[in-house]
Amino acid sequence: MKPSDFFTSEQKAAMVVAIQKAEKNTSGEIRIHIENHFTGNILDRAAKVFAQLKMHKTALRNGVLIYVALQDHQLAILGDAGINAKVPDHFWDNIKNQMIEQFKAGKVCEGLCQAVLAVGQQLKTYFPCTENDINELPDDISFKD
């Protein structure tokens, strides 16, 4: 099954709404990328996708990617240089662990939506929304079918 077929149109819409809601309170940008398989190191793959999605092009370098390899049962949360300069090591571990619990319960969409909102809360702390904030990256879900 293709990753884009794994989710219903309602679930895809719910994830986009979660991204839009999370980004309302921050100048940070959040993307979700979903594929079935990857080879090599999970963080290396997430970094490659991060670059392919041009997430490093934000003005404050405050993009965050939530990367999921469905069939490999792997995930990563990767922040850009701007956010990583401000947060401690293992900053995303709690969110990642909550996602894993939801995924184990078969609630992939719910886990992703909760993770997006949690990432938004963290970004709000370090990158609050500014008066002239613009949406620098698309809010849609990225799939590799």
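Arg 61 counts as partly exposed, since its relative accessibility is 35%; here buried means under 20% relative accessible area, exposed over 50% and partly exposed in between, computed with a 1.4 Å probe on protein chains only. This is a predicted model, in which local features need pLDDT of at least 70 and side-chain atom pairs count only at pLDDT 80 or more, while totals for chains, interfaces and linings use all residues. Residues are numbered from 1 along each chain as its sequence is written, and side-chain values use heavy atoms, with hydrogens and water left out.

**Backbone and overall fold**

Arg 61 is found in the loop between α3 and β2, and its phi is positive, about 55 degrees, although the residue is not a glycine. Most residues other than glycine have a negative phi. His 73 also has a positive phi of about 55 degrees without being a glycine; His 73 is placed in the loop between β2 and β3 and, at 70% relative accessibility, counts as exposed. Lys 54, which follows α3, has a positive phi near 55 degrees.

The protein has six helices and four strands, where helices (H or I, at least four residues) and strands (E, at least two) are DSSP runs numbered from the N terminus. Read along the sequence, these elements follow the pattern α-α-β-α-β-β-α-α-α-β. The C-alpha trace spans about 40 × 30 × 25 Å along its principal axes. For 145 residues a compact globule would have a radius of gyration near 15 Å, and the 14 Å of the protein agrees with this; the radius is taken over C-alpha atoms, and the globule rule is 2.2 Å times the number of residues to the power 0.38. Buried residues make up 46% of the 145 residues. Of the contacts (heavy atoms within 4.5 Å) with a separation of 6 or more, 72% are between residues 24 or more positions apart.

**Salt bridges**

Side chains of opposite charge can pair when their charged atoms come close. The structure holds three salt bridges, each defined as a side-chain nitrogen of Lys or Arg within 4 Å of a carboxyl oxygen of Asp or Glu.

| Pair | N to O distance |
|---|---|
| Asp 140 and Arg 31 | 3.2 Å |
| Arg 45 and Glu 35 | 2.8 Å |
| Arg 61 and Asp 80 | 2.9 Å |

In the salt bridge between Asp 140 and Arg 31, Asp 140 lies in the loop between α6 (108-126) and β4 (142-144) and Arg 31 in strand β1 (residues 29-35), so the pair ties together parts that are 109 residues apart in sequence. Asp 140 is partly exposed, with a relative accessible area of 42%, whereas Arg 31 is buried at 4%.

Where the side chains of Arg 45 and Glu 35 meet, helix α3 (residues 42-52) supplies Arg 45 and strand β1 supplies Glu 35, so the pair ties together parts that are ten residues apart in sequence. Both Arg 45 and Glu 35 are buried.

The salt bridge of Arg 61 and Asp 80 links distant parts of the chain, 19 residues apart, with Arg 61 in the loop between α3 and β2 (63-69) and Asp 80 in the loop between β3 (74-79) and α4 (81-84). Asp 80 is buried, with a relative accessible area of 4%.

The buried residues of α3 are Ile 42, Arg 45, Ala 46, Val 49 and Phe 50. Seen down the helix axis, these residues fall within an arc of 145 degrees, so they line one face of α3; the arc is that of the directions from the helix axis to the C-beta atoms. What covers them includes β1, β2, β3 and β4.

A nonpolar core is a set of buried Ala, Val, Leu, Ile, Met, Phe, Trp, Tyr and Cys residues joined through side-chain atoms within 4.5 Å. In the largest such core, which has 31 residues, Ile 32, Ile 66, Val 68, Met 99 and Leu 112 touch the most other members. At least two residues of this core come from each of α2 (9-23), β1, β2, β3, α5 (93-104) and α6, and α6 gives the most, with eight residues. Not counting residues up to four places away in sequence, Val 68 touches His 33, Ile 34, Glu 35, Gln 74, Leu 75, Met 99, Phe 103 and Leu 112. A second, separate core of 13 residues includes Val 49, Tyr 67, Ala 69 and Ala 76.
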